[in-house]
Amino acid sequence: MLGLKLPTDPRWVNIVESNIEEILTDHAWCEHKAAANAMYIIVNNSEKPDLVQEMISIAREEMEHFDVVFKIIQERGLTLGRERKDDYVGELMKFAKKDGSRNDALIERLLFAAMIEARSCERFRVLSQNITDKELANFYHELMVSEANHYTTFLRLAKKYTDRVDVDKRWKEWLDHEATIIAKYGKKETVHG
């Protein structure tokens, strides 16, 4: 369904389990950044009321996820660390086309968001199936479903709002490029690391 070219090695979970505080902190901030991305889309496309409504829903859900992760951190006596730079996301952002119309920029932003959600969904699936902590396994299974919904929403909106970009073709380019990026990751206890 996701179309990702390179699956996450399940041994990545061994790295994650070595530092649960780090993965939870990174995860919390990923949710916060996803909410911020939805707000960014609203700010730059406020004339599209149905898009705004969809982004409000996503931003709200992402902040709810942030809240849940924060509560898990607190319940375990851990500390929410400082926000971390996400090199994977930074590399993806460089792939987004910068030329073109304002609408082209919207399509690129939606595909960028879909790509991150797709990989997050896949990582949450790997966590849910391989982590020994049953509470976290169940939690990540629930989030996997949510991320899949976000991924499909972003792709659907890209197809709805395109005026000249071949979204299917461009999505394949994103998938191919993402495979070259993710090959360098999976070695740190972060969602995309």
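Tutor: Start with the term needed for helix pairs: axes are lines fitted to C-alpha atoms, for helices over the stretch in contact, and angles run from 0 to 180 degrees between N-to-C directions. Keep in mind that this is a predicted model.

Student: At roughly what angle do the axes of helix H4 and H7 cross?

Tutor: Helix H4 covers residues 87–95. Its axis and that of H7 come within 10 Å. The crossing is right-handed, and the angle is roughly 140°.

Student: How many residues of each class are in the contact of H4 with H7?

Tutor: From H4, the contact is made by Tyr 88, Glu 91, Leu 92 and Phe 95. H7 supplies Arg 170, Glu 173, Trp 174, His 177, Glu 178, Ile 181 and Ile 182. Sorted by class, the contact has 6 nonpolar, 1 polar and 4 charged residues.

Student: Which hand does the crossing of H5 and H7 have, and how do the contact residues divide by class?

Tutor: The crossing of H5 and H7 is right-handed. On the H5 side the contact residues are Ile 107, Glu 108, Leu 111, Phe 112, Ala 114, Met 115, Arg 119 and Arg 123, and on the H7 side Val 167, Arg 170, Trp 171, Trp 174, Leu 175, Glu 178 and Ile 182. They divide into 10 nonpolar, no polar and 5 charged.

Student: Is H2 roughly parallel or roughly antiparallel to H5?

Tutor: The axes of H2 and H5 come within 11 Å and cross at roughly 160°. Angles over 145 degrees count as roughly antiparallel. H2 is therefore, relative to H5, roughly antiparallel.

Student: What is the hand of the crossing of H2 and H5, and which classes of residue meet there?

Tutor: This crossing is left-handed. H2 brings His 27, Glu 31, Ala 34, Asn 37, Tyr 40, Ile 41 and Asn 44, which meet Arg 102, Leu 106, Arg 109, Leu 110, Phe 112, Ala 113, Glu 117 and Phe 124 in H5. By class, the contact has 8 nonpolar, 3 polar and 4 charged residues.

Student: Now single residues. Is Arg 119 buried or exposed?

Tutor: Arg 119 lies in helix H5, which spans residues 102–130. Its relative accessibility is 0%. Under 20% counts as buried, so Arg 119 is buried.

Student: What does Arg 119 touch, and which side chain is joined to it by a polar contact?

Tutor: Leaving aside neighbours within four places in sequence, Arg 119 is in contact with Leu 4, Leu 6, Pro 7, Thr 8, Tyr 88, Glu 178, Ile 182 and His 192. A polar contact of 3.0 Å joins the side chain of Arg 119 to that of Glu 122.

Student: Is Glu 22 buried or exposed, and which residues does it touch?

Tutor: Glu 22 is in helix H2 (residues 20–44). Its relative accessibility is 17%, so Glu 22 counts as buried. Not counting residues up to four places away in sequence, Glu 22 touches Arg 84, Glu 189 and Thr 190.

Student: How far apart in space are the C-alpha atoms of Ser 18 and Glu 189?

Tutor: Ser 18 lies in the loop between helix H1 (12–17) and H2. At 57% relative accessibility, Ser 18 counts as exposed. Ser 18 and Glu 189 are 171 residues apart in sequence, and their C-alpha separation is 7.7 Å.

Student: Which residues is Ile 58 in contact with, and how far is its C-alpha atom from that of Phe 154?

Tutor: Ile 58 is found in helix H3 (residues 49–75) and is buried, with a relative accessible area of 5%. Apart from neighbours within four places in sequence, its contacts are Ala 38, His 150, Thr 153 and Phe 154. Ile 58 and Phe 154 are 96 residues apart along the chain, and their C-alpha atoms are separated by 10.0 Å.

How values were computed:
Residues numbered from 1 in each chain as written. Predicted model: local features only at pLDDT ≥ 70, side-chain atom pairs only at ≥ 80, totals over all residues. Heavy atoms only, no water. Helix = DSSP H or I, 4+ residues; strand = E, 2+ residues; numbered from the N terminus. Buried < 20%, exposed > 50% of the residue type's maximum accessible area, 1.4 Å probe, protein only. Contact = heavy atoms within 4.5 Å. Polar contact = N/O pair within 3.5 Å; in protein donor to acceptor, adjacent residues only side chain to side chain. Left-handed = near helix turned anticlockwise from the far one by under 90°. Nonpolar A, V, L, I, M, F, W, Y, C, P; charged D, E, K, R; others polar. Parallel < 35°, antiparallel > 145°, perpendicular 65-115°, else oblique.
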